[in-house]
Protein chains: 2
Amino acid sequence: MSTPTIYPITIHEHDTDYTHRASISTIIGGVLNVAGFDANAKGLGVSELNKDALTWVLSRFSIELSYLPKVFDELQISTWIGDYNRLLSTRNFTITDSSGSVMGGAVSQWCMLDTTLRRAVDLTPLHKNYSEFVLRDLPSPIDRPRKAPSCEAQFTHCHKASYSDIDFNKHVNSLRYLDLMLDMLPLSLIEQSGAIRVDLQYISECIHGDLMTVNYTQQENRAIFDIIRNGSASAVKCMIEWL
Amino acid sequence: MSTPTIYPITIHEHDTDYTHRASISTIIGGVLNVAGFDANAKGLGVSELNKDALTWVLSRFSIELSYLPKVFDELQISTWIGDYNRLLSTRNFTITDSSGSVMGGAVSQWCMLDTTLRRAVDLTPLHKNYSEFVLRDLPSPIDRPRKAPSCEAQFTHCHKASYSDIDFNKHVNSLRYLDLMLDMLPLSLIEQSGAIRVDLQYISECIHGDLMTVNYTQQENRAIFDIIRNGSASAVKCMIEWL
């Protein structure tokens with residue numbers, strides 16, 4: 001039977017922001033990298049899928065952190081595939097600090113993209129290789145990704161998707177959307193200590209040259225975002241809550 | 001006697017761009033991270049300096065690469081302090097591929113910043129701790145950083161320095177300036193194979209909220225950039241040459 005895989009990560013200076021703590025982006029980046037490492041180690045990674053013109057893309061993601069770690073903190077990220085169906089594969093994570101205390105948890109849901117047609121494909125043909133790694137008995141450590149409520153924009157920022165925003169999947173990287181949203185927050189919210197939850201929904205992809213309109217509204221302890229692609233439909237929705 | 005220190009790096013999927021090669025930013029980021037690791041290991045790192053309200057900031061940087069490595073390539077970065085004077089410390093790098101061939105070299109020049117006064121300080125008081133690590137007999141692997149010629153802007157892009165641009169030193173991160181410049185290049189230049197040289201001069205720092213005007217001109221095989229801070233003086237100059 002499969003067991004969760006554990007990856008150590010150290011917070012380096014270049015992972016920290018001006019508050020001298022790891023930024024939310026750094027932590028989510030670390031978690032997503034671990035997803036990549038583990039998928040590759042199991043022969044289910046992007047490089048393997050690319051041979052068949054397929055790739056993994058993040059569909060929904062949620063994370064809860066008790067606090068943002070500081071420089072030289074050593075964490076362990078434990079990950080396992082929790083479930084999958086025709087459309088989505090769910091991968092879970094717990095984050096443990098050096099004293100062994102769980103300081104965070106995350107749930108990610110992935111779909112498989114046909115890189116030629118740019119559309120999601122059925123995951124069921126994976127069954128043989130996949131099912132042995134699924135740990136259905138180990139529940140997700142936090143509530144699954146929630147939908148952000150609709151966003152009546154109080155603030156708006158426009159950005160044209162450029163080379164440095166685009167990743168190996170030829171679309172805007174999951175973390176760049178988040179950075180564009182974090183950039184709209186007042187610094188007083190960036191500087192908050194205490195627990196935080198982030199929910200991200202990736203609805204449609206932005207590609208090089210697209211105009212991204214980032215809408216933001218603050219409702220008490222919740223920041224709500226909606227990134228619109230080329231003035232028409234939502235590309236990414238997000239909710240950040242200070243708990 | 002001190003010897004160069006060697007750090008292994010692997011190119012992961014998240015390090016690659018849409019051409020499925022490591023981006024120039026990734027490689028320079030890897031080199032700068034190695035500088036940080038080595039300085040920390042020698043007790044001369046940012047965390048040590050921060051105790052005295054000091055930090056290292058990059059002043060000039062040049063790199064030559066025979067090619068951009070691809071996913072899963074394993075490189076070794078060798079680094080040593082080549083020299084220092086009152087104002088600047090020079091750190092050199094060679095980059096070797098898995099077959100042992102040198103595929104790149106870099107030279108970085110650093111000054112020490114007083115984080116309260118935001119100005120450079122004299123490096124000579126470091127002498128006792130520093131001189132034992134200096135390898136004056138080992139020459140820099142490539143020509144030292146060159147000044148970019150003046151830039152008559154053919155293209156201009158404006159960007160307001162935001163949270164995700166700012167690093168632990170409370171100013172725009174060295175790599176973000178580079179990304180803003182790379183974002184202006186036509187994709188045909190991003191897709192070029194073959195050798196490349198980048199020269200960067202960090203003249204004055206941009207901080208949160210600053211307006212950065214990125215000026216770009218292409219002169220045959222050279223891209224020349226000048227980033228102006230708040231419409232007044234140069235913050236960063238850069239020249240990229242396809243060799």
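Helix axes first: I take them as lines fitted to C-alpha atoms, over the stretch in contact for helices, with angles running from 0 to 180 degrees between N-to-C directions. Helices here are DSSP runs (H or I, at least four residues) and strands are too (E, at least two), numbered from the N terminus.

Ground rules. This is a predicted model, where local features need pLDDT of at least 70 and side-chain atom pairs count only at pLDDT 80 or more, while totals for chains, interfaces and linings use all residues. Residues are numbered from 1 along each chain as its sequence is written, chains are lettered from A and ligands numbered from 1 in the order written, and side-chain values use heavy atoms, leaving out hydrogens and water.

Confidence. I looked up the scores and found ipTM 0.93 and pTM 0.94. Chain A has a mean pLDDT of 94, with 100% of its residues at 70 or more; pLDDT is the predictor's confidence in each residue, from 0 to 100.

Chain B helices. I checked α1(B) (residues 24-41) against α4(B) (residues 174-182): their axes come within 10 Å and cross at roughly 165°. The two are therefore roughly antiparallel, a label for angles over 145 degrees. I noted the crossing as right-handed, meaning that the near helix is turned clockwise from the far one by less than a right angle. For contacts (heavy atoms within 4.5 Å), B:I24, B:S25, B:I28, B:G29 and B:L32 meet B:S174, B:L175, B:L178, B:D179 and B:L182. By class I get six nonpolar, three polar and one charged residues; Leu and Ile count as nonpolar, Asp as charged, and Gly among the polar ones.

Chain A helices. I found that the axes of α1(A) and α4(A) come within 10 Å and cross at roughly 165°. That makes α1(A) roughly antiparallel to α4(A).

Salt bridges. One I looked up joins A:E205 and A:R118 at 2.8 Å, N to O. The partners lie 87 residues apart, A:E205 in the loop between β8 and β9 and A:R118 in the loop between β5 and β6 of chain A.

Note on methods
Angles under 35 degrees count as roughly parallel, over 145 as roughly antiparallel, 65 to 115 as roughly perpendicular and the rest as oblique. A salt bridge is a side-chain nitrogen of Lys or Arg within 4 Å of a carboxyl oxygen of Asp or Glu.
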